[in-house]
Amino acid sequence: MDKQIPSEELMARIAEGDEYAFEILVSRHQTSILNLIYRFIGDRTQAKDLAQEVFIRVWQAAKTYKPKAKFTTWLYRITVNLCFNELKSSRRKKWFSFHRFDEDGEYTFEETLSDGAPSAEDLLLGKERSRQISDALQSLPDNQRMALILKRYDDLSYQEIAKILNCSVSAVESLLVRAKRNLQEKLKNL
């Protein structure tokens, strides 16, 4: 039943102080928000802290929230702003990983091998490949990296990404083309 309640309705309940509605909302979106932050920032502890900050801001903004766009677009905009602000304030570029958090909060490799039982050599090669791709992705400019993450991992439309990044659809297209070109150049010897 809780899964059928739209996020916008949960926000209206949260505005009235409904903590259970907030728990449902957090449970519904925490994994995707944590994955987005982790992919962009590259630090597990920092990702958890920023994810908590995202939901604190959601709670605080509940009374002024107006559903002008999809809820997830609004939520991702908060997340993206926090990620960009964190990079501006710290200017630390950390190792980026292609791991994701599962429903239990544990992180796992995003890509799995087809037979389900990879050899030790396959695991080592996969880790090295993942590290090289991660390094290349981390070296992209912030906007290109965020656009690519939102498209590749969150499968958002160009329109949604444009709203989240506060730019035009053509700017998103350009960011993605440049990001892919930059990645191809950095990874051409793999």
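1. Some ground rules: residues are numbered from 1 along each chain as its sequence is written, and side-chain values use heavy atoms, with hydrogens and water left out. In this predicted model, local features need pLDDT of at least 70 and side-chain atom pairs count only at pLDDT 80 or more, while totals for chains, interfaces and linings use all residues.

2. Start with helix α1 (residues 7–15) and helix α2 (residues 19–41), whose axes lie 8 Å apart at an angle of about 145°. Helices here are DSSP runs (H or I, at least four residues) numbered from the N terminus, and axes are lines fitted to C-alpha atoms over the stretch in contact, with angles from 0 to 180 degrees between N-to-C directions.

3. Who touches whom? From α1 come S7, L10, M11, R13 and I14, and they meet A21, F22, I24, L25, R28 and H29 in α2; contact means heavy atoms within 4.5 Å. The residues of this contact split into seven nonpolar, two polar and two charged (Ala, Val, Leu, Ile, Met, Phe, Trp, Tyr, Cys and Pro are nonpolar; Asp, Glu, Lys and Arg are charged; the others, Gly among them, are polar).

4. Next, α2 and helix α3 (residues 44–61) cross at roughly 140°, their axes coming within 8 Å. Among the α2 residues in this contact are F22, L25 and H29, and those of α3 include L50, V54 and W59. By class, the contact has 15 nonpolar, three polar and three charged residues.

5. Last, helix α7 (residues 158–165) has E160, I161, A162, I164 and L165 buried, meaning under 20% relative accessible area (1.4 Å probe, protein chains only). After α7 comes N166, with a positive phi near 60°.

Note on methods
Helix = DSSP H or I, 4+ residues; strand = E, 2+ residues; numbered from the N terminus. Buried < 20%, exposed > 50% of the residue type's maximum accessible area, 1.4 Å probe, protein only.
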